[in-house]
Structure formats: C-alpha cells, structure tokens
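Morning, everyone. I have one model to walk through, and a few minutes to do it.

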Amino acid sequence: TRTMLFKEDEAGKFRTRWTEVQSAFVDSPRSAVERADSLVAETMKRLAEMFSDERAKLEAQWDRGDNVTTEDLRVALQRYRAFFDRLLNI
C-alpha cells in the first residue's frame, strides 16, 4: 500500500489551489502559469520539510550513543526502508 505524502486536508488545499490556477488560465494564461510555478515550488518546499523532519525523527531513534540495542537498530532500519520506499515512490 502507498502511504500518502500529505495529510488529506493539506493535500485537499493544494488540489483546490491547483483547480483555481487551472480555471484562471483561460482569462489570464501567463498569470496562471506563474501561479502554477509558485504552487509547485511551495508544494516541493513543504515536501522537503516533511521529509527532513521525518529523517530527524529516524536519526533520533538510533543515535543515542552506546545505549542502543540491536532490536532498536533493527526497528530503525525497517523505518528507514519504509522512508526510502516513500522517497522512491514520489
């Protein structure tokens, strides 16, 4: 199963904005393309922030010095694998 990259409400807001951009094309093509560029840039920035936060959480799970068990490391590796799969499925 694929994990959604954005929460449903956040994705919905991005989709609504995209629909508005598309609808504006007929009356103002250049402005619509500029707004599309801005929306894509904002979406990419948000995605980068989300993945950076997720990576920091993963790192915190295993980077605790000598008090990390093999089980902790196994779980961390599984979570990294899931994270890596999400990155490749964008």
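Housekeeping comes before that. This is a predicted model, so local features need pLDDT of at least 70, side-chain atom pairs count only at pLDDT 80 or more, and totals for chains, interfaces and linings use all residues. Residues are numbered from 1 along each chain as its sequence is written, and side-chain values use heavy atoms, with hydrogens and water left out.

Start with the core. A nonpolar core here is a set of buried Ala, Val, Leu, Ile, Met, Phe, Trp, Tyr and Cys residues joined through side-chain atoms within 4.5 Å. Buried means under 20% relative accessible area, exposed over 50%, and partly exposed in between, with a 1.4 Å probe and protein chains only. The largest such core has nine residues: F6, A11, F14, L39, L47, M50, F51, L58 and F83. The largest share, five residues, comes from α2. Helices, by the way, are DSSP runs of H or I, at least four residues, numbered from the N terminus.

Now the aromatics. Rings of Phe, Tyr and Trp (its six-membered ring) pair if their centres lie within 6.5 Å; planes under 30 degrees apart are stacked, over 60 edge-to-face, the rest tilted. That rule gives one pair. The ring centres of F6 and F14 are 5.4 Å apart and the planes sit at 65°, so this pair is edge-to-face. F6 is buried at 14% relative accessible area, and F14 is buried at 13%.

Next, two glutamates. E10 is in α1, residues 8–24. Buried or exposed? E10 counts as buried, at 19% relative accessibility. Contact means heavy atoms within 4.5 Å. Setting aside neighbours within four places in sequence, E10 touches R46 and M50. E20 is also found in α1. E20 is partly exposed, at 42%. From E20 to A32 is 12 residues in sequence and 8.7 Å in space, C-alpha to C-alpha.

Last, α3. The buried residues in α3 are A76, F83 and R86. Down the axis of α3, they fall within an arc of 75°, so they line one face of the helix. That arc is taken from the directions from the helix axis to the C-beta atoms. What covers them includes α2, residues 29–62. On the other side of α3, T70, L77, R81 and L88 are exposed.

That's the tour. Over to you.
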